[in-house]
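I opened a new page in my notebook today. Here is what I looked up, one entry at a time, so that you can follow along.

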Amino acid sequence: MRVLIIEDDSQASAYLVKAFREAGHVADVASDGLTGYAKAEAGDYDVLIVDRMLPKLDGLSLIGGLREQKIDTPVLIVSALGQVDDRVKGLRAGGDDYLAKPYAFVELLARAEILARRRGAPQPEETVYRVADLELDRLKHKVYRAGKEIVLQPREFRLLEYLMRYAGQVVTRTMLLENVWDYHFDPQTNVIDVHISRLRGKIDKGHEKQLLQTVRGAGYTLRNGAD
């Protein structure tokens with residue numbers, strides 16, 4: 001996914017660029033409305049992340065101008081203005097979605113991914129995840145490896161469920177902290193490493209194929225050891 005972030009807050013945009021790139025996407029930045037408009041008009045982006053309050057050209061005018069030019073790139077508006085009237089104005093201006101600040105990156109990422117594939121047919125949410133001979137039943141809250149049940153603690157189950165949902169993809173520490181631990185900051189602890197180690201011991205110990213793998217400098221991935 002190729003994303004253009006139009007945001008005048010340099011700290012916020014730097015955080016988003018880092019998080020999107022950790023998630024395996026390409027992210028460009030524009031720090032004002034006019035630059036953002038030019039990049040959006042000339043670039044081939046899958047989604048635009050647009051702040052409402054921008055210097056030189058405000059976010060809603062930027063979106064309106066793009067729509068007048070028949071540029072239909074999906075737009076996710078992010079703004080500290082989160083009242084109903086504000087959201088309605090944003091959507092009527094041509095935005096496809098609206099997310100009020102402060103927000104969790106994992107939610108912003110999910111919304112951006114949905115917008116990027118908005119023309120595709122909706123997919124029903126899976127209730128059973130499978131990777132090789134590992135199976136997780138979300139409804140029954142049970143996990144099996146090679147037909148043998150594995151007993152997990154609630155946090156371990158939540159961690160494995162998230163990894164299996166994105167099986168084959170690299171899941172970053174930022175994504176795990178926000179989605180599994182509900183942290184929207186880095187606590188500077190080894191909590192992830194400890195839980196990954198425990199989970200790996202439970203699902204991989206005694207098996208030839210090691211499914212839970214560390215991607216050095218990026219995060220973790222769950223995939224068939226033969227891949």
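**Entry 1: a pair of facing residues.** I began at V128 and found D137 of β7 standing opposite. I noted that I am working with a predicted model. The two strands here are β6 and β7 (residues 134-137), and I found them paired in the antiparallel sense over four bridges.

**Entry 2: the sheet around them.** Next I asked myself in what order the strands of this open sheet lie. I read off β6-β7-β8-β9, four strands with antiparallel pairing. At the edges I found β6 (128-131) and β9 (148-150), each of which pairs on one side only.

I then checked the length of α6, which has 12 residues (154-165). At 1.5 Å a residue the helix should span 16 Å, and its end C-alpha atoms are 16 Å apart, so expectation and model agree. I listed the buried residues of α6 too: E156, F157, L159, L160, E161, Y162, L163 and M164.

**Entry 3: along β8.** I went back to the sheet and followed β8.

Opposite V143 stands L136, and in β9 the bridge partner of V143 is I150. Four bridges join β7 to β8, and three join β8 to β9; I noted both pairings as antiparallel.

**Entry 4: two hairpins.** The hairpin of β7 and β8 has four residues between the strands, and there H141 takes a positive phi near 60 degrees. The hairpin of β8 and β9 has two residues between its strands, and I noted a positive phi of about 55 degrees for A146 in that turn.

**Entry 5: a parallel sheet.** I moved on to an open sheet of five strands with parallel pairing, in the order β2-β1-β3-β4-β5. Here β2 (26-30) and β5 (97-100) stand at the edges with a single partner strand each, so one side of each has no neighbour in the sheet. Neighbouring strands of this sheet are turned by 20 degrees against each other on average, direction ignored.

Inside this sheet I looked at strand β1 (residues 2-6) and strand β3 (residues 47-51), which run parallel and are joined by four bridges. L4 stands opposite L48 in β3.

**Entry 6: S79.** I picked S79, which lies in strand β4 (residues 75-79). Is it buried or exposed? Its relative accessible area is 0%, so S79 counts as buried, the cut-off being under 20%. Beyond its neighbours within four places in sequence, I found S79 in contact with D51, R52, Y98, L99, A100 and K101.

Entry 7: Last, I looked up the second largest pocket, which holds about 320 Å³ of space. Its lining has 19 residues, and nearest its centre lie K18, E22, R173, T174 and D186. The elements giving two or more residues to this lining are α1 (10-22), α7 (173-179), β10 (212-215) and β11 (219-222). I noted that α7 gives the largest share, four residues.

Methods:
Residues numbered from 1 in each chain as written. Predicted model: local features only at pLDDT ≥ 70, side-chain atom pairs only at ≥ 80, totals over all residues. Heavy atoms only, no water. Expected span 1.5 Å × (residues − 1). Buried < 20%, exposed > 50% of the residue type's maximum accessible area, 1.4 Å probe, protein only. Pairing = 2+ DSSP bridges. Contact = heavy atoms within 4.5 Å. 1 Å grid on protein atoms, 1.4 Å probe; cavity = no way out; pocket = protein on both sides within 12 Å on 5 of 7 lines; lining within 4 Å. Points joined across faces, edges and corners; volume = space filled by probe spheres on them. Axes fitted to C-alpha atoms, helices over the stretch in contact; angles between N-to-C directions.
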